[in-house]
Amino acid sequence: MPLDMIVLVKHIYDEDQLKVDQTTGSVSLQGVPGKVSSFDRNALEAALRLRQKLGGTITTLTVGTDEANKSIREALAMGADNAYLIRSNVATGYDARQTVEILIGALSKIPRWDVLICAEGSTDFYTSLLPGMLAERLNLPLLSYMRSLDFDGRSLRGDRSLERKLETVECSLPAIVSVVSEICEPRIPTLLQIMAATKKQISKIDVTELGLQIPPRYKLEGMLVKTVTRKRQIFEGSPSEVALKLYESLSKEGII
Amino acid sequence: MKNNVIVYSEDIELASELLTPAREIATSTGGKVIMIVIYKVEMNDYTRLVGADVIVSVRLPDELGVPTPEFTSAVVADIFKSRGAGFVLLGSTRDGKELAGRLAVILDASAATDCINIQFKENRALVERLVYGGRVLSSGILEAGPFVIGIKPRSYQAIASGPEPSIEEFSIQSPVLKTRVLRSGEAERGSVDLTKADKIVAVGRGLKKKEDLELIHTLAEALGAAVGCSRPLSSDLGWLPEDAHIGLTGIQVKPKLYLAVGISGQLQHLAGIKDSKVIMAINSDKGAPIFQNCDYGAVGDLYQIVPELTKLIKAKR
């Protein structure tokens, strides 16, 4: 049986390019380039593999500003069929509960779907609140932290990876699934696929069209870079020379 | 005001740590600390749970093999509502984070996970959490209760001693669950808990084949260190168990010595080692980010340096 899937794609500030005030250590996001939250590519890859096996469609869903087009194009190049951008002008984003309400508003505009797949968390704020919130709000089953996923025509099933346990879990459709990055390695689109993706349509819905009034529950106050200054003594030379340097350093630090 | 503080974690050690901030909050609200324990056959060691006023024990219904977050959220919500609580403190484990999301909706609460510090002031919760791959410390405010807050493991020290809590039994009708657990087993585990290790030798993609792990084990043995790895070695290659995976999505460690062998030092890996006292690295690529984030580094072939270093350490012993 083919599956119609929705994959959540988040466009985030690139953590490698954050702007840090050298004197105060405070972080500014203004003008920082964006990229796709990297675990979302694993979630999309998991959906692509299910589609390959079972047939069906993949629609990506994103809440963000027009900047997010970049990440959506990447998802389309990887192989998503359709894409929705719920467009807002809130550059700093929404808290988890606001995002969930916006997503639910948007989901009502998508004709039908069987499974919503997302990453266990986003690589920017990584609250991991969203899957549990979505499941409760939509009153749907949730398979969380999945490291494998399969569908036998009736049940969605796979292995759930916890810190100290591995569970095999199943549920019926429709369902929410969150995946860990180990589930699969995301593919890298070819130049041809990237070109083809520019021709695909991105459906846009303005967040105001959803008519939601959701006050923020979590207010971000400030961000500071934790600087642990490392000594950065780098040794070069023959293997025995550098080994001796490391050995002396271990001794100096009182470790051996 | 609803001033009692509910505490729950499926991990008993983490649960005992949570009692420290719970006690602080209860002191400022004049409320009680109510610890929820879900047990299967009989209650085991609750004497470690110092700081709770009341332990509410809940027997897992026979038809459930494990308490899933779906089940636990129903239990916690029931107790929360019947006990006049305003706070839920949870362990920020994977199960705990799913639970936090569910409870945020069920209780219509303000929620935050992975907090390393929480202060309750003037009816607002001030939390600190690490974001952007552990590189940035963020502070945030939850403006209005109720509050659901997940605390990261080892953020607080458990309370050493205190009065024994009273114990109350709570019975729950087994809810109809939408997710079924078919099997539950221990994840394949290494022999040591890396989060408690004093010294760690960790290995990454610089290692060419599984058999070469012997080199790393020999060095670790000479140092008296435990062995960990970066994500590819456990998750993609399966050369080491998943609980050896150090990084943002794996475990976070704080040893006295962290020796990274053949690990390039991607941001996600660095997030797991930043609290180490001394970071040492061996890598053939001089431009690898690990060298920007270590105290001592050796540029060169690990296959040559590691045996040399092992020899020197052994000679001393």
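## Aromatic pairs

Over all chains of this predicted model, the count comes to 4 aromatic pairs, where rings of Phe, Tyr and Trp (its six-membered ring) pair if their centres lie within 6.5 Å, with planes under 30 degrees apart counted as stacked, over 60 as edge-to-face and the rest as tilted. One of them joins B:Phe87 and B:Phe120, whose ring centres are 4.7 Å apart and whose planes stand at 90 degrees, so the pair is edge-to-face. Because B:Phe87 belongs to strand β4 (residues 85–91) of chain B and B:Phe120 to strand β5 (residues 110–121) of chain B, this pair ties together parts that are 33 residues apart in sequence; strands (E, at least two residues) and helices (H or I, at least four) are DSSP runs, numbered from the N terminus.

B:Phe120 also forms an edge-to-face aromatic pair with B:Phe147, at 5.8 Å centre to centre and 75 degrees between the planes. Here the link runs from strand β5 of chain B to strand β8 (residues 147–151) of chain B, with B:Phe120 and B:Phe147 27 residues apart.

Chain B contains 7 helices and 15 strands, and along its principal axes its C-alpha trace spans about 65 × 45 × 35 Å. Of the 317 residues in chain B, 59% are buried. Contact means heavy atoms within 4.5 Å, and among contacts in chain B between residues at least 6 apart in sequence, 62% join residues at least 24 apart.

Helix α4 (residues 213–223) of chain B packs with helix α7 (residues 302–316) of chain B at an angle of about 25 degrees, their axes being 9 Å apart; axes are lines fitted to C-alpha atoms, for helices over the stretch in contact, and angles run from 0 to 180 degrees between N-to-C directions. That angle makes α4(B) roughly parallel to α7(B), given that angles under 35 degrees count as roughly parallel, over 145 as roughly antiparallel, 65 to 115 as roughly perpendicular and the rest as oblique. The crossing of α4(B) and α7(B) is left-handed, meaning that the near helix is turned anticlockwise from the far one by less than a right angle, whereas clockwise would be right-handed. Residues of α4(B), including B:Leu215, B:Leu219 and B:Leu223, meet residues of α7(B), including B:Val306 and B:Ile313.

## Helix packing in chain A

In chain A, the axes of helix α3 (residues 96–107) of chain A and helix α4 (residues 130–138) of chain A come within 10 Å and cross at roughly 50 degrees. That makes α3(A) oblique to α4(A), and the crossing of the two is right-handed.

## A buried serine in chain A

A:Ser161 lies in strand β11 (residues 156–161) of chain A and is buried, with a relative accessible area of 3%. Leaving aside its neighbours within four places in sequence, A:Ser161 is in contact with A:Tyr145, A:Arg147, A:Leu166 and B:Arg94.

## Conventions

Residues are numbered from 1 along each chain as its sequence is written, while chains are lettered from A and ligands numbered from 1 in the order in which they are written. Local features need pLDDT of at least 70 and side-chain atom pairs count only at pLDDT 80 or more, whereas totals for chains, interfaces and linings use all residues, and side-chain values use heavy atoms, with hydrogens and water left out.

Terms used
Buried means under 20% relative accessible area, exposed over 50%, partly exposed in between (1.4 Å probe, protein chains only).
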